Amino acid sequence: KGFAEISVKDINELARSSFPLCMRHLFEKLKEDHHLKHGGRMQLGLFLKGVGLKLDDALMFWKAEFSQKVSAERFDKEYAYGIRHNYGREGKRTDYTPYSCQKIILSTPGVGDHHGCPYRHFSDENLRAALSKMGVNSRAVEDVMDKVRNRHYQLACTLTFEAVHASSCDSGINHPNQYFSDSQKLLQP
Ligand code: SF4
């Protein structure tokens, strides 16, 4: 799914403009807490791989955050392996692919986890707040909440995409990396 290469310095800007809410949330929590639990590292890490973050950049990116909380040695010992693993450089050397919406929606985040799909896993109140922070107007927020009530989480995400890009998304959202690439196509045609 990666159609281009991105570098660490672009991530902030891309997160703001083109990440779906599930990934924005993980990204913000990572910046805030300088940590993510395993499920979050997997969901965000594989997404970033999919958008074109190369392994060395991924290691740099995660280390810059985590080392504000843990020593560089501990990062290398406990976390770098998992990142290399995602890129197929450890263990069975499987080249893992980013998670689809379906997989994320069906995940079961526990206390302290930030992975999952916000349309499915956030409270109404938190979802409304997150949507307005993304710049979704109040009328569109109501349309999104209506889809959520009917458990049409991907349609809710599609409406969000349409609201923030002021453009239709006829194919609908079925993958976070598709959200990203459709967004980039609109923003950088
Ligand atoms: Fe992420 Fe998919 Fe949920 Fe959108 S519908 S927030 S892309 S998991």
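How many helices and strands does the protein have? It has eleven helices and zero strands. Helices here are DSSP runs of H or I with at least four residues, strands are runs of E with at least two, and both are numbered from the N terminus. This is a predicted model, where local features need pLDDT of at least 70, side-chain atom pairs count only at pLDDT 80 or more, and totals for chains, interfaces and linings use all residues. Residues are numbered from 1 along each chain as its sequence is written.

**View 1. The whole fold.** From the N terminus on, the elements run α-α-α-α-α-α-α-α-α-α-α. The C-alpha trace spans about 50 × 40 × 30 Å along its principal axes. A compact globule of 189 residues would have a radius of gyration near 16 Å, and the protein agrees because it has 16 Å; the radius is taken over C-alpha atoms, and the globule rule is 2.2 Å times the number of residues to the power 0.38. Buried residues make up 34% of the 189. To count as buried, a residue needs 20 or more other C-beta atoms within 10 Å of its own; 12 or fewer makes it exposed, anything in between partly exposed, and C-beta atoms are placed from the backbone.

**View 2. Around the ligand.** Of the 15 residues around the ligand, P20, C22, C101, C117 and C157 come nearest. A residue is near if its C-beta atom, placed from the backbone, lies within 6 Å. The elements giving two or more residues to this shell are α2 (21-33), α6 (101-105), α7 (118-121), α10 (153-165) and α11 (176-187). By class, the shell has 14 nonpolar, one polar and no charged residues. Nonpolar covers Ala, Val, Leu, Ile, Met, Phe, Trp, Tyr, Cys and Pro, charged covers Asp, Glu, Lys and Arg, and the others, Gly among them, are polar.

**View 3. Helix α3, tucked in.** Ten of the 14 residues of α3 are buried, so this helix is largely enclosed by the rest of the structure. Among the buried ones are R41, F47 and K49. The buried residues of α3 pack against α2, α4 (55-66), α5 (72-86), α6 and α11, with contact meaning C-beta atoms, placed from the backbone, within 7 Å. Just after α3, G52 takes a positive phi of about 115 degrees.

**View 4. K185 on α11.** K185 lies in helix α11. K185 counts as partly exposed because it has 13 C-beta neighbours inside 10 Å. In sequence, K185 and S18 are 167 residues apart, yet in space their C-alpha atoms are 9.9 Å apart.

Terms used:
Contact = placed C-beta atoms within 7 Å.
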